[in-house]
Amino acid sequence: MSRFLSNATNRIDAKGRVSVPAAFRSVLAQRNIQEVYCFQDFVFPAISVGGSDLLERFERQIAAEDPFSPDANEMSLLIHGGGVFMKLDAEGRLMVTDFIRDFTGISDEVTFVGRADHFQLWQPQAFAAAQAQARGERKLAGKRS
């Protein structure tokens, strides 16, 4: 199975587009993803990006709840109210919109971070800090992997 792995940082061009790393475009092509679903991450200042299967996974979780429950309501607010569909252009670039910039603080560069079944868009320094913090917390907890 193809997965989104590793990370790469690319510059945003003068027209506000950024090239999705070739390895990530390859996974999108293998999965036949034409339009990407993007949502504001629940924990990190990052935009999570995947196919419609990512949205469908969350919608199954919402459907399993009482539709009037606080949990279902909150999840819908985050997934539907904090999500959009976007398309890559013919050269594999993604438009870095205000939806992305405002939530992440991204300005001139984007760090693409693989998360197995999806990837994320990060402001480079925020990603480096979050990764260092995660590594430090695992080290303090005595976890080797």
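**View 1. The largest pocket holds about 160 Å³ of space.** The model is predicted: local features need pLDDT of at least 70, side-chain atom pairs count only at pLDDT 80 or more, and totals for chains, interfaces and linings use all residues. Residues are numbered from 1 along each chain as its sequence is written, and side-chain values use heavy atoms, without hydrogens or water. A pocket is an open set of points on a 1 Å grid over the protein atoms alone, where a 1.4 Å probe fits, with protein on both sides within 12 Å along at least five of seven lines; lining residues have an atom within 4 Å of a point. Volume is the space filled by probe spheres set on the points, which are joined across faces, edges and corners. Among the lining residues are Arg25, Leu28, Ala29, Ile33, Leu88 and Asp89. Helix 1 (residues 22–30) gives the largest share, 3 residues. Helices (H or I, at least four residues) and strands (E, at least two) are DSSP runs, numbered from the N terminus. The lining divides into 6 nonpolar, 2 polar and 3 charged residues. Nonpolar covers Ala, Val, Leu, Ile, Met, Phe, Trp, Tyr, Cys and Pro; charged covers Asp, Glu, Lys and Arg; the others, Gly among them, are polar.

**View 2. Helix 1 buries Phe24, Val27 and Leu28.** They lie on the same side of helix 1, because they cover an arc of only 100 degrees around the axis. The arc is taken from the directions from the helix axis to the C-beta atoms. Buried means under 20% relative accessible area, exposed over 50%, and partly exposed in between (1.4 Å probe, protein chains only). Ala22, Ala23, Ala29 and Gln30 are exposed on the face turned away from the buried side. The buried residues pack against strand 3 (35–40), strand 7 (109–114) and strand 8 (119–122); contact means heavy atoms within 4.5 Å.

**View 3. Strand 3 pairs with strand 5 and with strand 4.** Two strands pair if DSSP finds at least two bridges between them. Strand 3 and strand 5 (residues 83–87) run antiparallel, joined by 5 bridges. Here Cys38 stands opposite Val84. Strand 4 (residues 47–50) is also antiparallel to strand 3, over 4 bridges. Gln40 has Ile47 of strand 4 as its bridge partner. A hairpin of 6 residues links strand 3 to strand 4.

**View 4. Ser6 and Asn32 each take a positive phi.** Ser6, not a glycine, has a phi of about 80 degrees. Ser6 sits in the segment before strand 1 (7–11). Its relative accessible area is 54%, so Ser6 is exposed. Asn32 lies in the loop between helix 1 and strand 3, with phi near 55 degrees. Asn32 counts as exposed, at 55% relative accessibility.
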